[in-house]
Amino acid sequence: MIETIVLNARRAADAAPAVRDPAYPLFAAAVGKRLVERWDEVLAANEADLRAARDAGLSPAMVERMGLAGAHLEALAELTRQVQEDLPAVTAPGPEVRGVGRSRARLVARPLGVLLMVYESRPMVTLDSAVLAVCTGNAVLLRGGSECRGCNAVLADVIASALRDAGLPEHLAQVLLDTDRAGLRELMKRDDAIDVLLPRGGSGLVSYCRTASRIPVIAGGAGVNHLYAHSSADADEAVRLVLDSKLPDPAGCTALEMLLLDEGLADDFFAALTARLDEPDVRGLVLRTPAEVAERLPAELTRVLEVRELAGNDDGREFLDTTLGVRLVSDVDEAVRHVRRHGTGHTEGVAARSAEVVERFTAQVDAAAVVVNGSLRLHDGPTMGAGPEIAISTGRLHVRGPVGLAALLTRSWVVDGGGTVRFRRDGAEGEDR
């Protein structure tokens, strides 16, 4: 079965039209149209998956990530529109450069080839990934988690219909509904047929894909993210940034896991947090702090919020729920040392009015994104104005940060020699540049 899957993907990639073909924007538009037509069916399948997930004991945060609503349909419509708008510029040939004699050269866009996307929980990743991968001329294998199998089966039909509508090869996007681990292990050995592996999920999934496969990896996810709140920051603004970075989608890869709070700001910060306890979602926040920090918390805060002791292994941990670690630090240098030791290079932030502190933090903290006086949730392709994405890469090669259309392309040189030779000069090729 795996042999058939990878053979079909390779044949589809070879048969696909060249980058910039009008079939690709047609496919993006067709996905949006077909999804609208079958949205009620998608929601029904998603609700069945959610019931099964709750019965299986998945965490509330993970179940929340699985859910679909009208906002997801609107987001997908915007994605397909943005892809159609961005494709011409992203796939345009580079400027011409002059070589010896009459030779001219330019870079042209090429697909990466056959992509294997492995992800968890979010069914909309199935459609996002199909649109971005196919519209850049790639073949893609989409292997979601078993918890979303029912919804992904409907989305597979949506994608197949859109491929037919656009006149593209039927196996250019394959949704793999068999989520058996043995099949995944076999796929990850096929570096002869699969060009790029894109895991999107928790640190366990990303680490497994990196160690178990010889396929080049663009890793997305695994965000142990910090926010350093300096004493020069406005306390109320710092609280707003923390809450926005943590509570919406707490299992997301840009979620805040550890607040590094300057000792000089601590009391004002806790007072500002206490003033927000009437906000419904704030009451779900769980604080993990050292004992000496817990002693400084206002009584009203500890009465309403659950407060636990911060353990040593909580440093560098993805809580994947509404738990927030809090440590006090003496200065920016201590904060930087903590981030360097425990961060995963995904998203780090600093809240400070001091330009010197901001400069020091951004110069010394190396991550895919460093956010200054903003929510960590700003690290997102569309939100940043960088266009649609299928993941956020923490690697240092090929792409770092949002994995958008341009990251799913490579480039090759097309050299127009104009009859020019390099070594056997006979004057025929002309020397004029």
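Predicted model: local features only at pLDDT ≥ 70, side-chain atom pairs only at ≥ 80, totals over all residues.
Helices α5 and α6 run roughly parallel to each other. Helix α5 covers residues 70–90, and its axis lies 11 Å from that of α6. The angle between the two is about 10°. Angles under 35 degrees count as roughly parallel, so the label follows.

Now look at the side of α5 that faces α6. His72, Leu76, Leu79, Thr80, Val83 and Leu87 come from α5. Across from them, α6 supplies Met124, Leu127, Asp128, Val131, Leu132 and Cys135. By class, the residues of this contact divide into 9 nonpolar, 2 polar and 1 charged.

Helix α6, residues 124–135, also packs against helix α2, residues 23–37. Here the axes come within 8 Å and cross at roughly 160°. That angle makes α2 roughly antiparallel to α6. The cut-off for this label is an angle over 145 degrees. The crossing of α2 and α6 is right-handed.

The α2 side of this contact consists of Tyr24, Phe27, Ala28, Val31 and Leu35. They meet Met124, Leu127, Ala130, Val131, Val134 and Cys135 in α6. The contact of α2 with α6 holds 11 nonpolar residues, with no polar and no charged ones. Met124 of α6 is listed in the contact with α2 and in the contact with α5. Leu127, Val131 and Cys135 are likewise listed with α2 and with α5.

Next, go to helix α4, residues 60–66, and find Arg65. Is Arg65 buried or exposed? Its relative accessibility is 15%, so Arg65 counts as buried; the limit for that class is under 20%. The side chain of Arg65 reaches the backbone oxygen of Ala251 at 3.3 Å. Residues up to four places away in sequence aside, Arg65 touches Ser121, Arg122, Pro123, Asp249, Ala251 and Gly252.

The last stop is Phe361, in helix α15, which spans residues 355–364. Phe361 has a relative accessible area of 0% and is therefore buried. Which residues is Phe361 in contact with, leaving aside its neighbours within four places in sequence? They are Tyr228, Val332, Val336, Glu348, Gly349, Val350 and Val370. For a sense of distance, take Leu287, 74 residues from Phe361 along the chain. The C-alpha atoms of Phe361 and Leu287 are separated by 25 Å.

Key. Residues numbered from 1 in each chain as written. Heavy atoms only, no water. Helix = DSSP H or I, 4+ residues; strand = E, 2+ residues; numbered from the N terminus. Buried < 20%, exposed > 50% of the residue type's maximum accessible area, 1.4 Å probe, protein only. Polar contact = N/O pair within 3.5 Å; in protein donor to acceptor, adjacent residues only side chain to side chain. Contact = heavy atoms within 4.5 Å. Axes fitted to C-alpha atoms, helices over the stretch in contact; angles between N-to-C directions. Parallel < 35°, antiparallel > 145°, perpendicular 65-115°, else oblique. Left-handed = near helix turned anticlockwise from the far one by under 90°. Nonpolar A, V, L, I, M, F, W, Y, C, P; charged D, E, K, R; others polar.
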